[in-house]
There are 2 protein chains.
Amino acid sequence: MPAQIPADSVGLVIPQTAAFPGDLQLECGRSLPGYTLVYETYGVLNKDRSNAILLCHALSGDHHAAGYHQLEDRKPGWWEHLLGPGKAMDTKQFFFVCANFIGSCKGSTGPASINPETGSPWGLDFPMVTVRDWVKTQADLADYLDIAQWAAVIGGSLGGMQVMQWSMDYPERLRNAVVIAAAPKLTAQNIAFNEVCRQAIMTDPDFHNGRYYAHDTKPRRGLSLARMIGHITYLSDDAMRSKFGRETRGGKAFSFGFDVDFEVESYLRYQGSSFVERFDANSYLYITKALDYFDPASAYGGNLAEAFTPIQAAYLVISFSSDWRFSPERSREIVQALYTCNRDVSYAEIESTHGHDSFLMPIPQYVAVLRTYLQRVAEEIGL
Amino acid sequence: MPAQIPADSVGLVIPQTAAFPGDLQLECGRSLPGYTLVYETYGVLNKDRSNAILLCHALSGDHHAAGYHQLEDRKPGWWEHLLGPGKAMDTKQFFFVCANFIGSCKGSTGPASINPETGSPWGLDFPMVTVRDWVKTQADLADYLDIAQWAAVIGGSLGGMQVMQWSMDYPERLRNAVVIAAAPKLTAQNIAFNEVCRQAIMTDPDFHNGRYYAHDTKPRRGLSLARMIGHITYLSDDAMRSKFGRETRGGKAFSFGFDVDFEVESYLRYQGSSFVERFDANSYLYITKALDYFDPASAYGGNLAEAFTPIQAAYLVISFSSDWRFSPERSREIVQALYTCNRDVSYAEIESTHGHDSFLMPIPQYVAVLRTYLQRVAEEIGL
C-alpha cells in the first residue's frame, strides 16, 4: 500500500457475498446444492442500470480487480492499472462487477468449502465445473443485482473464454464482449502444460488424494512446481531475456552445485513458494480442467463460426505479439469466426514483450484501445 | 527388434569400456579420481586412421547410437535412421565412435557410480561436470583409440554444444564440426525449464538429498515430471497438434474427473513413467546444469566470434524450423559468429514440424544435407 491511496484508485473496497441456495445444475451432469459468490463492485450503477460491466478473472485471479482491502495491503487488485476513476475502465462512467468463480479458493464455493452432506471439505468430491457453469453463476449474480444487460463483459485469458461463453449463452444480456489474450480452445501443448501441473500436484505425497485439509498439510511442492511451470508460459522468451538474461544471482560466479546460480531460478522459486500461501491446490486442478475442456466449436464439428451464430454482442478482441500461451494467431481464429458469421468485431494486436502477462499491464497502446472502445460504449448507451 | 536385422543396420553391437585411472581435473576446480567411459564403434578404422568420426549425444542419449545389443531389443540405437551402411552417416566409409559422457548413467562414471573414498554411490558428492570436461574425456578416448584427428565431430542439441567446444579446445584435432539443433548458450527460458525439472526431482521426498540409492528407492515422481516437461519442449506446438490435437483417449467423452481425458495426457504420463526405468535422477540434475553453464562467449564479454577464434574446423550447422527449444535463430548466432571470424561454414535450416526432436528423425532434406556434407568430407580425406 502506498503512503496514501492514489487519486486514480478506487480506494478501499469491501468484498460482498451473494448466496444462491438452490441446486445448481452443472455441465458435468452433477449438481451443486447451493453456492456462494464473493464479488466486488467499483463505480456506481446508474438509474436505468445500463452502465454495468462484468469483469471475468483468469486462473489465479479473483474478485479483487482493483483498489485495496486494507490500508496495509502490499498490492492493489489485479487490474488496478486499467480500472479506476479516469482510467481506461473508468469507474466514473461504469459500474464494474467482478466475482470469484466457483471452484476457485478466494471466497466463492470451491473444493476447500464444506460439503454440506459430509461436514468436511469437498476435496475431489467437488463436482467438475466448466466455463459454461461459471457463466451461469454470473448470470445468477446479474439477476441478484438486477442487471438485465451488461454494457460489456470483459476478460483476459481464461476470463476471455468466459466472455465468449457469455455471448453465446446469453446473447441478449451483453452489448459488448471484450476478449483479451484468449483462445477459442486449448492446443495439445496448452493441455500438456496443464497436465504436468496437475501431475505435480496429484503425485505430491502431501496431496492425500485431495483430502490434505484433514491432514493439516498441503501439496506445497506440487503446487509450487505448477506455478513455476505456469510462470514460464506467462512470460515470453524475450521477456525472460530482458528481465533475467543469464545473470547470476548477485553477480556471483557459478556455484558448481545445485543451489541457485541464475536470477531466473531465484525468481521461479520465489514465485512457486509464495503462490502456495495464497492458492488452494485442488482449485488449481479444477480450473486447469475447465481450461482444457473449453471448446465451444466442438459441438459443431469444430466450426467456431457456427458456435458463434447466437452472438449479438459487438466484439473487441485484443492479443499481444509475444504471447505464446495464447498467441495472436489464436485470437485471429476468434476474429475470423466472428467475421464469418458477420458480427461486429474490432481486433487489436498489441506489440509487447511481456508475453501472456501483457493483459495485466499498462501497455500504452493496449490502454488506449480499451479506453477508446469503452468510450464508444459509453456514448452508445448515453452515459 | 525386427524379425531380421535390416541390411542397412550396423546390426549387433557390443559396448566397450575404457578406464582412465589418472586424476581428471575438472572445470569446477575439483577432480575425479579416475573414470570409465563406455562407448561403441561402428564401421572400420582405416589404415591411416583418418576416417574416424566422433558422435556426441544429448541429455538423455547414450553411447548406443545405432544397431542392437541383442536380438530381443525393442528399439535400435538413437541415430539408427541416419547411421549405418549406405546411410547418411555411412559406416562403409567412416569409423564412428560414440561415448556415454561422465555424469550420465549408462555405464560411464557418474553420480550412481561408487565413490572409491566412501565405497558408496557418489550421489550429489559427484563433482559438477561441464561440456568442456566431457570434451576433455573424449580427447582422452581419442588418444586411447590412437586417433590424432577426427574427420568430423557430430552432435545434436547438447551434443552440438560438445562439438563447438571440441573445435575451440582442440582445434587441430577435428577437420569438420557438425552442429545440429544446438545453441551457443541457453536462454533464461531454457534455464527456467531446467530449473523446474531439477526442483521436481529435488523436492521429491524420495530424493533423500541424492542418496536414494541407499534407501532402495528413487524420486520417480520428480524424474517423471521432469521428463514430461522435457517432452513438451522437444515437440513443437504443431507437432503436438498433428500428433494428438484435442483427441480424447479412445475417442471417449470427457471424464469430468482427473483421469486421462486427452491423448496428449496419456502420452506424457507414459513418457514420464517409462523414463524413470531407464534414467538416473541425479544424472538428470548434473546434465541440466552442464547445459545451463555452457556459454563459451561469456569469457569474452559475450563475444561469440572471439570465443570462436581458435577454430580451424569447417562447420556445418543445421537447425529445424519448428524447434522452439533451440530455434533456428540460435543456430544463426553460431553461423554469424563463424562468418565474423571468417571460418568455413555451411548452414541449413530444415523445414520440419517435429520440433527439437527433428534431429533424431529421418527428414529427407536433413538426411540429404548430412549425406552430401559427409560425402565431401570423405572425398577430401581420400576415402
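In this predicted model, A:D357 is buried, with a relative accessible area of 14%. This aspartate sits in a loop of chain A, the one that runs between β12 (345-350) and α10 (364-380). Once residues up to four places away in sequence are set aside, A:D357 touches A:Y234 and A:L235.

The UniProt annotation "binding site", which comes from an unreviewed entry, covers A:D357 together with A:R227. These positions are spread over 131 residues of sequence, yet they cluster in space, with a largest C-alpha distance of 13.8 Å.

A:R227 belongs to helix α4 of chain A, which spans residues 220-234. A:R227 is buried, and its relative accessible area is 7%. Apart from neighbours within four places in sequence, the residues in contact with A:R227 are A:S60, A:Y234, A:Q271, A:G272, A:F275 and A:R278. With A:S60, the link is also a polar one: the two side chains are joined by a polar contact of 3.4 Å.

Chain A is superposed on chain B by a rotation of 180° with 0.0 Å of shift along its axis, and the RMSD is 0.0 Å. The two copies are thus related as by a two-fold rotation axis. Of the interface residues of chain A, 100% are also interface residues in chain B, so the copies meet through the same surface.

Notes. Residues are numbered from 1 along each chain as its sequence is written. Chains are lettered from A and ligands numbered from 1 in the order in which they are written. This is a predicted model: local features need pLDDT of at least 70, side-chain atom pairs count only at pLDDT 80 or more; totals for chains, interfaces and linings use all residues. Side-chain values use heavy atoms; hydrogens and water are left out. Copies are superposed by least squares on the C-alpha atoms of residues with pLDDT of at least 70 in both. Contact means heavy atoms within 4.5 Å. UniProt positions are given in the numbering used here, feature names are shortened, and annotations may be inferred rather than shown by experiment. Helices (H or I, at least four residues) and strands (E, at least two) are DSSP runs, numbered from the N terminus. Buried means under 20% relative accessible area, exposed over 50%, partly exposed in between (1.4 Å probe, protein chains only). A polar contact is a pair of N or O atoms within 3.5 Å; within protein, one must be able to donate a hydrogen and the other to accept it, and residues adjacent in sequence count only if both atoms are side-chain atoms.
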